[in-house]
Amino acid sequence: MADRGDTHYSVPALNKWFLVSSVALFASLVWMVIDDWNRPWKHYQREFEQIELKKVRQEEELLTQAGAIEAEARLKEQVAAAETALTSRESELAAAKEELRLANGDLWNAVEATKKKISAFNWDRYIIEEERRKLGDLTHKKELMDASEKALNDAKGVQEALQLKKNEIESKVNNLTRVVFDAQASLAAGTRDLARVRGRLAQLDPAAMSGPEKLADVIRDAPGLDFVKPSLMVKKVVLDRLTFELNFTKKKRIDMCQTCHLGAERAGFEAEPQPHTSHPRLDLFVTNKSPHPVNQFGCTICHRGSGEALDFIRADHRPSDKDQAAAWADDLHWHKQHHWDYPMLASNFTEASCVQCHKTSMDLISADAPVVSRGYELVERYGCYSCHKIDWFPTKRRPGPTLTNLRAKLSSEFIASWIANPKEFRPTTWMPQFFHLENYAKGETVAISKYGQGRPIEGGEWDDAAVAAITAFLESRAPVKPMPALPVAGDAHRGRETMRLVGCLACHNMAPYGEEPSPSADLALQRRDTNEHGPNLRGVATKVTPEWLFAWIKNPQAYWSETRMPNLRLSDQEAADITAYIMEDPDKIFRDVKPGWEAKSVSMPDTQMHEVLGEQARWLFSRDGRGVIEARLEGRDDKVRWNDIGELKVAVGEKLVGQYGCFSCHEIEGMKDWMPIGTELTNWGSKTIDKLDFGPGAFEFGLDPNYREGWLMQKLHAPRSYDRKKIKNPTERLRMPYFAFTDEQAQAITTFVVGLVDDEVQLAKMVPTPAQSAVDAGMRAVRQNNCVACHMIDPGTVTYLDESGAQRTVAAEVLNFEEQSVPSAHSLEALKKDAEEFEAEEVAFRVLRAEPEIGAKPGDKLFVPVEKLVALTPPNGGDLVRLVADYYYKGVEVHDPSLGEGDDAFRYESAATDDGFGVTDVDGRVRDHSGEPYDKVRWTFAPPVLWDEGAKVQRNWFFSFLKDVVPLRHQVRVRMPSFDFDNGEAEAIADYFAHKSAKEWPANVTRTWRLAKGLTAADAARECGVSTDTLVEIEHGGRAATKANFDKIAKHLAATKFQARPAVDPDYEFSTVRSAAHLADRRAKDEAHLTKGEALAVRGVNCFQCHFRLGQQPAADPIGWAPDLNHTRDRLREDWVRDWLADPALIYPGTAMPANFSGSPPQYQEHYPNSTNADQIQVVLEWLYNFDRMYIRQ
Amino acid sequence: MKNVTLFAVVATTGLAVAFTTPSKPITGAGTGKIVLDGAKPEVKPLAIDAAKFPDCGTVDTTNETVQVDDKGGIANAVVIVEVAGVEVKAAEKPVQLDQKNCRFTPHIAVVTKGTTVEYLNSDKTSHNVHTFPGKNDAINKTVPAGGKESQKLDKEDRIEIKCDIHPWMASHLIVADSNFYAVTGADGSFKIEGLPKGEHKVKVWHEVFGKADGKITVAEDGSSAAVEIKMSAEKKKRK
């Protein structure tokens, strides 16, 4: 168009501009579309495809190397051969098929004929019966009726014959074609892995794709077309039941995390970098087989974060520490999301989420969620719950001792020093430090006295005066009750032995102060989880009076009804001996205090004390009004005379106790029902960050403070740090005490507290089965009462590589290098060091459970080359066993630096007062057992193991035993304490062991059976009709041990006549041989069965050489004693006794009880002619379970 | 008495070895004595209340753990000579360990690898045999009066044997990886026949005094000098 000259612009120039801008606009449009299309998650998905392709190729390679291709060719050849074989018999097959066709025709004819006869017969019968009814003659037309019935039967006979003929021909055809079918089936089975790999490769491998296929993929994923059916897709789970709160509405969770985390639900990607890594616990999470499948639970219910985000930053990932935060910021431009209330939990805090659904079963999940469970235990042990309410917390008792009677125990000086800083006296105490912390620091002004008119009062004197006031107040609430004198004089030497042997040192240690481990090998001087259950006893003689100590160890509950310390049923003499040992302290333990520590009262002139406490009173009593306070202080008030320093101390002390909440942990007269003072923690984890007071303090601990986790870590490590740089009046200052938590403890507690969230997941919450509840409550009771200090409840394991390179884990104990029958408690490092020292190339283990994988039965030795060892896990419990055994072998190891250096600095003292060596036996005689084998001492004198206890004892007996302890093994000095259990706790423990054994039982029985038969897992599984995976899982006590699965195995076991113990049913008391029916039946067959049992037991085996008989002591010394057989019928499960009689060492390897009925040929024929070993066991069992009928009722 | 029985066993086995050696190279007898280095520890006789165990007969209360004569000779020490290149032969007949008058007889026995051991009971009362081995399988079986149990011992080992019914009963069974061994007599002396020429390592073990080492040399003509091996009187370290 020509320029008409009537415009102010040049059209050609404008055209150019149009051109340029439209090109630019188009380009930006293209750029926009591409940018929108090219999401980061697509990049991750392509990356994952490459990783997977590599893995599948590797797998193909491995299969090829293993000869899979040849195997396939072989199998194909077999199919071809079978087909050829069939072709060669084609005429035969054709003839057979023709025959079958004809037979089918004949059969059809016969079936039709039969149908007609049936109709005819029914019609005839109807007519005839009608006629008979009218005539009243039941024999009318009988011949006709019989003839009709015969015709029908004949037709049926013909049909049956033809059916049989047809079946025969059919099987002939099948036999001809079977070869081909079988060959095809084995081809499919033998190439299953190969087929899977090839199928996957066809989808992944570009080399395997044709051009059109590749093009199709490009088109499917093209921008604008990818809504139809793209190859790269967003993966999401929609969770209707699990909601979260968004702006006051409940919203379903939609988790798209797996769009990027494609490897999360698949095993085999453990070593790949994020986001492709496999979930670390696929047995528990994500997969459909796990208890938390992703399609029911999603991801954000545990991890938190924004599930709908498809971008690393918007999903609100959170780093575990500062280094990771810096690395993310560099590589991924990571920064915090500020508008999202549910930031993802850093991976080291993820376990926090377990709490929201598992509140009712925190103990049950302890093995799978170790960090949060540890936090839960610490909250219980340190008593956090008593100041900070957690409404569902199962423990309610006050964690600190009662103070209602403390003057019977402690001096004023001790109370004051202890309150000022308990850790100065006992660094390991759970009591925290309340005074002289940073917001009351020395030199820092707390307040200007007299309403700002007086002098500044600094933190040091403020807290000193507070300590004096609290001491005075507590004493005022605990009247002096004189303790009775000791009824007998004690002997320190005897007391030392008693203290070692009755079990005090199961819960208490006597470790020296400081971090360095004790140079002594004495287990009582080393700190372990179990022996820190009670306080460290070092220095205790400087704390208490002998009269109090005597009364306390005689009956702890009398002083403090809620104490965990059980009653050991000590005699006056025993208690006096222990008291003498502790108070006289010959071993320099109980009067050893931290250098520089001394129990002393607060030293402050009375005028200063009055001034400081007066100022505290002004703050604490401010509600009463200035006039009243000043009148009291100046002595102008008739009733309240605060001019008297004593009265002022008590008054201020009471307020301070209220302010610091001492009554939450300790019982104090007059304050028993007061409400706890701390912030409620029931749903602290849901508190939004803006509700936390961060203060201007520095954050020196752990994480970025803008996390709940970071805030809490700081609070736990430096509880008063949020007061820094703030001006607060004394009643507003932070009061949380200092616990001296380690990083590990602080992190565990933080994890637990962060997990205390609002209940949003009611629908997904775990509802424990009755069995799970029983186990949970039992585990808690076992933990709270420290049962594992004395009793081993699970054996330890060793993991090693066998000759084929396969990794094996076996329940076993390490045996000592010097004396191979002695088990030793070793860590892997210590074991390797010892092996070097002894120049041992292999380590000996004793197998403790049936292990079919390696063909070992309990008691077998296992020798593992040192370099093949992978891991050792210690047994669960039984620390006291070693301590008791040590006493029998070497007495007490006394560290005496005056003797020399190193190993020379120790002397050993025993119960024997002369030069000899010995231990006082229960009969009062001192004997030297140090020459006895370790197994003998362990099984005879130490606390019993409780592995599989539920299979051994009757549940109701166990319950009553826990309620009211009856000594069973009269030879032991160590004593099962009386715990004062309530019914609930005793039931929980009894049920726990019963359920534990019930769970172990399918595993044990299956393993034992397979071991006995020498079958591989695959063969055994095939025999039983379950999959190999299922069988293996059952053998390991896994989730596949369902009743249905186990019934299949049990049925097969019964069919093969394998003698397996019946399942442990916790509600079922097991004894058939006592029943009247059984006895009547037996009497009918063998009148003398009970006397045979008696003859075998008494004259053959001579059980009473070792076993007590109705309280009657056997002839041997105590080391040869065994329990009273009169307990058997009430105490033990009959099926267990049967196994025990057959081979005791299979149950407790090393026990003193011999195998009595294992002779080949069977022995004792003179007492029971022509009997087998099983016959003998049967009659002895009957004798044992009818002991009362034999001996008591007569 | 016991030592005589034991010598009979040892001598028989030794002879059997000597006879079955195919080509007859020059061999000699190693002799020597095991003596205590230090003061003889005091041992008390076993405290057994015989009246409580009428079926045991007269129980010998000799404490066999430490028997040292006036010249320091240690009885019941086990001497094993390590000779390379000689095939270790198991005894052809089972070696017997008896329980008689509620004591094990012998108190210390040595057998070669692969030998079958029979545990007998010559008493009127039942005993049990409870073994505490290092490498071989542990057994714990009742042996009724007049009964018998047997076990083949395949691995070199030191096995403590107890009867739990009569706690004082104890014995040690050494399974040697050598044909050349002896248990010392009352004066601590030993004699081992059929040693090939050359210098051999000697290992000594005693249940209380622990271990000691020595050497024995058999000359070209088969003669050898008597050796004296000392054992420290210090008690072995407790477990």
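A polar contact is a pair of N or O atoms within 3.5 Å; within protein, one must be able to donate a hydrogen and the other to accept it, and residues adjacent in sequence count only if both atoms are side-chain atoms. The views below come from a predicted model, in which local features need pLDDT of at least 70 and side-chain atom pairs count only at pLDDT 80 or more, while totals for chains, interfaces and linings use all residues. Residues are numbered from 1 along each chain as its sequence is written, chains are lettered from A in the order in which they are written, and side-chain values use heavy atoms, with hydrogens and water left out.

**View 1. Chain A meets chain B.** Contact here means heavy atoms within 4.5 Å. By that rule, 43 residues of chain A touch 31 residues of chain B. About 3000 Å² is buried between the two chains, and carbon and sulfur atoms give 47% of it. Buried area is the accessible area (1.4 Å probe) that two parts lose on being put together, summed over both. On the chain A side, A:Lys861, A:Gln1105 and A:Ala1115 lose the most area to chain B, together 16% of what that side buries.

**View 2. Polar links across the interface.** Between chain A and chain B, 15 residue pairs are in polar contact, both residues at pLDDT 80 or more. Helix H31 of chain A gives the most to the side that touches chain B, with four residues. Helices (H or I, at least four residues) and strands (E, at least two) are DSSP runs, numbered from the N terminus. A salt bridge is a side-chain nitrogen of Lys or Arg within 4 Å of a carboxyl oxygen of Asp or Glu. Two are found across this interface. A:Lys936 and B:Asp164 meet in a salt bridge, 2.5 Å from N to O.

**View 3. Helix H32 of chain A.** Eight of the eight residues of this helix (934–941) are buried, so H32 is largely enclosed by the rest of the structure. Buried means under 20% relative accessible area (1.4 Å probe, protein chains only). Among the buried residues are A:Tyr934, A:Lys936 and A:Trp939. The cover includes strands S8 and S9 and helix H31 of chain A, together with strand S7 (127–132) of chain B.

**View 4. A sheet in chain B.** Four strands form an open sheet in the order S12-S2-S14-S15, with antiparallel pairing. Strands S12 (181–183) and S15 (210–218) are the edges, each pairing on one side only. Two strands pair if DSSP finds at least two bridges between them. Five bridges join S2 (78–82) to S14 (198–206). B:Val79 has B:Val204 as its bridge partner in S14.

Key: Buried means under 20% relative accessible area, exposed over 50%, partly exposed in between (1.4 Å probe, protein chains only).
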